[in-house]
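Subject: The structure you asked about

Hi,

Here is the structure I promised to pass on. Have a look at it first, and then read my notes below.

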Amino acid sequence: MHQALWILAIGTLCCRVAGPFFADQLRLTTRWQALLSEAAIVLLCALAAVSSLWDGDHFAGWARPIGVLVGMLLAMRQAAFPVVVLAAAGVTAGLRYWGWA
């Protein structure tokens, strides 16, 4: 899992660094721009899902996905970022305390 995250981080950095160099030579249509934007969202959602459901090769337990779900719902309701993080961590910690690890 860590190797995949390093590859993702290095690939993202290369794309960001290469952007200014190829900005004048590469023009994307609005359709391709929208497709790439949606692909980035799908990639981030997949990464969040895998990270919240799995711990190495094993299921992470129900506390972590429920905490992520609480954070996601608060973020969708446009709560402040510290509130989202503290609520998600609090729910996860509470569920683990009650044995839902």
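This is a predicted model: local features need pLDDT of at least 70, side-chain atom pairs count only at pLDDT 80 or more; totals for chains, interfaces and linings use all residues.

Where in the protein is confidence lowest, and where is it highest? Confidence is lowest in helix α1 (residues 2–22), with a mean of 81, and highest in α4, with a mean of 96. Over the whole protein the mean pLDDT is 88, and 99% of the residues reach 70 or more.

Let me start with helix α3, since several of my notes lead back to it. Helix α3 covers residues 63–76, which makes 14 residues. From the first C-alpha to the last, helix α3 reaches 20 Å, close to the 20 Å expected at 1.5 Å a residue. Its buried residues are A63, P65, G67 and G71, and these pack against α2 (30–53) and α4.

An α-helix has 3.6 residues a turn, so residues three or four places apart point the same way.

T92 sits in helix α4, which runs over residues 81–97. Is T92 buried or exposed? T92 counts as buried because its relative accessible area is 14%, and the cut-off for buried is under 20%. Leaving out residues up to four places away in sequence, T92 touches A63, R64 and G67. A63 and G67 are among the buried residues of α3.

R64 belongs to helix α3, and with a relative accessible area of 22% it is partly exposed. Which residues does R64 touch, not counting those up to four places away in sequence? The answer is S51, S52, W54, D55, T92 and R96.

Another pair involves the segment after α4, which is where you will find W98. W98 counts as exposed, at 66% relative accessibility. W98 and A63 are 35 residues apart along the chain, with 9.7 Å between their C-alpha atoms.

Now go to the other end of α3. Just after this helix, Q78 takes a positive phi of about 65°, although Q78 is not a glycine. Q78 is found in the loop between α3 and α4. Q78 is exposed, with a relative accessible area of 72%.

Next, the pockets. How much space lies in the largest pocket? About 400 Å³. The residues that line the largest pocket are T12, C15, R16, A18, G19, F22, A23, L26, L28 and L36. Helix α1 gives the largest share of that lining, six residues. By class, the lining of the largest pocket divides into seven nonpolar residues, two polar and one charged. Keep in mind that α1 is also the part of the protein where confidence is lowest, at a mean of 81.

The second largest pocket has a volume of about 190 Å³. Which residues line the second largest pocket? They are L44, C45, A48, A49, S52, P65, V68, L69 and M72. α2 and α3 each supply at least two residues of this lining, and α2 has the largest share, with five. The lining of the second largest pocket has eight nonpolar residues, one polar and no charged ones.

Two of the lining residues tie back to what I said above. P65 lines the second largest pocket and is also one of the buried residues of α3. S52 is part of the lining as well, and S52 is among the residues that R64 touches.

L5 and L44 are 39 residues apart in sequence, and 12 Å separates them in space, C-alpha to C-alpha. L44 is one of the residues lining the second largest pocket.

Cheers

Conventions: Residues are numbered from 1 along each chain as its sequence is written. Side-chain values use heavy atoms; hydrogens and water are left out. Helices (H or I, at least four residues) and strands (E, at least two) are DSSP runs, numbered from the N terminus. Buried means under 20% relative accessible area, exposed over 50%, partly exposed in between (1.4 Å probe, protein chains only). Contact means heavy atoms within 4.5 Å. The expected span of a helix is 1.5 Å times one less than its number of residues. pLDDT is the predictor's confidence in each residue, from 0 to 100. On a 1 Å grid over the protein atoms alone, a cavity is a set of points where a 1.4 Å probe fits but cannot get out, and a pocket is an open set with protein on both sides within 12 Å along at least five of seven lines; lining residues have an atom within 4 Å of a point. Grid points are joined across faces, edges and corners, and a volume is the space filled by probe spheres set on the points. Ala, Val, Leu, Ile, Met, Phe, Trp, Tyr, Cys and Pro count as nonpolar, Asp, Glu, Lys and Arg as charged, and the others, Gly among them, as polar.
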